[in-house]
Amino acid sequence: MDFLNIVANVINPQCILLIIVGVVIGNVFGCIPGLNGPIAVALVLPITFTLDVIPSMALIMGIYMGSISGGLVSAILLKIPGTAASVATTFDGYPMTQKGRATDALSYGAFASVFGGLFSAIVLLLLAPVLAKMAIGFGPWEYFGTAVLALSLVCSLLSGKRIKAFIAMMLGLLLKMVGMSPVDSVALRYTFGNAMLENGFDLVVIIIGIFALPEIIYNIGTIHEKVVPAKIEKRIFFIPKLHEIKENFLVMVQGSIIGTVIGILPGMGGGAASLISYEQAKRTSKHPEKFGTGYEPGIFSCESANNATSGGALVPMLALGVPGDTVTAIIMGAIAMQGITAGPMLSMGQPELFKTIIFIVFVANIAMYLFQISTIRFMAQIIKVPKYLLFPIIAVFCAIGVISIRNSMFDLFSLFLFIVIGYVLDKNGYPLSPFILASVLGTNVETNLRRSIMYYNSFGGCLKQVSIGTLFFGLAVIIPAVLAILNIVRKKKADS
């Protein structure tokens, strides 16, 4: 009966329509260079306020799944990855297009995408409830340790930019401290006598200002570039042949496993997953010399991996309340705005909603595949939409969405502040994902730390506790320290 209720919640005209709309928006944003999934999700956040939880999740998950896969269109046809997750797809996708096999390359990418997406959704279904049950006994100290470890990993895994990542993270945490203090709601911090700052900065304003609009500004230099995609066959459905699927089945399984594992690690993302999967497929192949020349396993490996990160990133978000990447950080914010806290209490307190969200992921992946195999040749034409028409429309929608959140012009002024911050950070090589994650988790980090200190009398008392929170906090400190030492040793060896 439980399953029938879940199916009824999703398989209805409203949810199916929203999933399809989300998939279309996600594919469009994914295939156009300069746009991406986080921008698309941020853009529809104000719309989700008017929807119930399940329909809003249907729209957002449709965008999430569609945007990751949409990047393969421009990657294969133009050698321009629509998203960072599709960088590795260009290695064999574009050479295949040059050989006149653009249709085959697109069909391989679409099939590998749905394979990886469904694989990770199954892992999400099996793993998230187990982790949630393990975490049900978590107290404030354990939640604090989990959040700090996630923030530490996001910064530590960004090789070559670790110091800048920590600076961006600290800036995000600092801005979340503006306004009324949590727990006691007594002290006003960094308001400078301005009543508008007492409620702090809205999360949607931060996300749109930091992530969406600076990306558009950054791409203004390419606004008049004309794109001429390769000609592709006029076919109704783009599906690989059965023998091609069989020959690349193990490659897709390997890529899906890599993508799911990397997706679970906070901050890694589809770009890292696809590159690692591609290199692994090349290393284990009987014909490594064929990679980069238009070789089918090259496309199957990276596209299965980058889509598998979606389900992987949802595992820590739904189970522990810790987002696995930028998009899930935004999704977590959307859920919070509906009055629902992602984490173990979601699965234990609202199991039907928890399972419904996972079922939406399955349906969104299938909808994404059906859309792609039937519209690839039309999607290829979207790349030609002039950016000088597209970017102003998106900017206007962002501004309207921000104002509509609290009907406040202050939010619009705040948006300009975050546009400047986001642009300056991006232009100077500071990664934005730690800033976004810190903005999402900042309140939780401070609230749980203060509650822990109140319970154990001091921060030292917290550290003396034998618990998973102490372990996670210790790892959050040790991992970046060890990586820093290894980096120093490596540099000394290189100099000698």
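**Helix contacts**

Reply: In helix 14, T326, A329 and M332 meet S433, I436, L437, V440, L441 and N444 of helix 19. Contact here means heavy atoms within 4.5 Å, and helices (H or I, at least four residues) are DSSP runs numbered from the N terminus, as are strands (E, at least two). The model is predicted: local features need pLDDT of at least 70, side-chain atom pairs count only at pLDDT 80 or more, and totals for chains, interfaces and linings use all residues. Residues are numbered from 1 along each chain as its sequence is written, and side-chain values use heavy atoms, with hydrogens and water left out.

Me: At what angle do the axes of helix 14 and helix 19 cross?

Reply: They cross at roughly 30 degrees and come within 9 Å. Axes are lines fitted to C-alpha atoms, for helices over the stretch in contact, with angles from 0 to 180 degrees between N-to-C directions. That makes helix 14 roughly parallel to helix 19; the cut-offs are under 35 degrees for roughly parallel, over 145 for roughly antiparallel, 65 to 115 for roughly perpendicular, and oblique for the rest.

Me: And helix 13 with helix 14, what angle there?

Reply: Roughly 40 degrees, with the axes coming within 10 Å. Helix 13 is therefore oblique to helix 14. A313, L314 and M317 of helix 13 make the contact with T328, I331, M332 and I335 of helix 14. By class, that contact has six nonpolar residues, one polar and no charged.

Me: Is helix 14 mostly covered or mostly open?

Reply: Mostly covered, with 10 of its 12 residues buried (under 20% relative accessible area; exposed is over 50%, partly exposed in between; 1.4 Å probe, protein chains only). The buried residues include T326, A329 and M332. After helix 14 comes G339, with a positive phi near 85 degrees.

Me: Switching topic. How many residues of helix 3 are buried?

Reply: 11 of 12, so helix 3 is largely enclosed by the rest of the structure. Among them are G37, P38 and T48.

Me: Last one, where is T356, and what does T356 touch?

Reply: T356 is in helix 16 (residues 351–382) and is buried, with a relative accessible area of 1%. Not counting residues up to four places away in sequence, T356 touches I6, N9, V10 and I54.

Technical notes
Nonpolar A, V, L, I, M, F, W, Y, C, P; charged D, E, K, R; others polar.
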